[in-house]
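Subject: Structure handover

Hi,

Here is the structure for you to look over. My notes come after it.

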Amino acid sequence: MIITNVMGVALIGLVIWWFWLYKPAKAVDTTTENITIIVNNGIYQPAKIKVEAGKEVSLKFLRKDGSPCAATVIFPTFEINVELPLDISKSIFLPSMPPGEYPFHCPMKMYNGTLVVK
C-alpha cells in the first residue's frame, strides 16, 4: 500500500513538472521575418522567441501532435485564437508590439510559449 502511494505521488509530481514547471531555457532570436514553431510531444519548439519591438511578426506553426489541445494556439494579449491543422504549416500575423513578454498557449495551458519583444 505504501509503495503504491509513493509511486502515485511521484507520478503526480512528474505530471506537474512536465506540464506546468518545465520551461525550455533557450530563446530563439529572430532576425528574419518568419519563424516556424513545431507543436509536438507536449511542447512548442522553440517555446521562447525574441523579436524586435515595433515590427509586425509572422509566426508559422507546424502541428505534428494529434492531441486536441495542440489543435489551437491562443495569444491572449492580442485576443488571437487560431486553429492549427495537423501536418500543415499555419501562419499567424501579430501586430507591432511594445517591449515586454507575451505568452501564448493551448486552451488548457499544457503547451506554453513566450514571445519576448525587445
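Below is what turned up, starting with the ground rules.

This is a predicted model: local features need pLDDT of at least 70, side-chain atom pairs count only at pLDDT 80 or more, and totals for chains, interfaces and linings use all residues. Residues are numbered from 1 along each chain as its sequence is written, and side-chain values use heavy atoms, with hydrogens and water left out.

Overall layout. The protein chain has 1 helix and 10 strands. These are DSSP runs numbered from the N terminus (helices: H or I, at least four residues; strands: E, at least two). The order along the sequence is α-β-β-β-β-β-β-β-β-β-β. Of the 118 residues, 33% are buried. Buried means under 20% relative accessible area (1.4 Å probe, protein chains only). The accessible surface is about 7,300 Å², and carbon and sulfur atoms account for 62% of that. Those areas come from the Shrake-Rupley method with a 1.4 Å probe; for residues, only the protein chains shown count as cover.

Core. The largest nonpolar core holds 26 residues. Such a core is a set of buried Ala, Val, Leu, Ile, Met, Phe, Trp, Tyr and Cys residues joined through side-chain atoms within 4.5 Å. Tyr44, Leu59, Phe61, Val73, Phe75 and Leu94 have the most contacts inside it. Strands 2, 4, 5, 6, 7, 8, 9 and 10 each supply at least two residues of this core.

Strand 5. This strand is mostly covered, with 6 of its 7 residues buried. Strand 5 pairs with strand 8 (residues 89-94) in the antiparallel sense, over 6 bridges. Pairing requires at least two DSSP bridges between the strands. Phenylalanine 61 stands opposite lysine 90 in strand 8. Leucine 59 is in contact (heavy atoms within 4.5 Å) with residues including Ile35, Phe75, Ile92 and Leu115, leaving aside neighbours within four places in sequence.

Disulfide. There is 1, defined as a pair of cysteine sulfur atoms within 2.5 Å. Cysteine 69 is joined to cysteine 106, S to S 2.4 Å. The link is right-handed, with 65 degrees about the S-S bond. Cysteine 69 sits in the loop between strands 5 and 6, and cysteine 106 in the loop between strands 9 and 10, so the pair ties together parts 37 residues apart in sequence. Both cysteines are buried.

Histidine 105. This residue is in strand 9 (residues 100-105). Its relative accessibility is 9%, so histidine 105 counts as buried. Beyond neighbours within four places in sequence, its contacts include Tyr44, Val73 and Tyr111.

Best wishes

Note on methods
Buried < 20%, exposed > 50% of the residue type's maximum accessible area, 1.4 Å probe, protein only.
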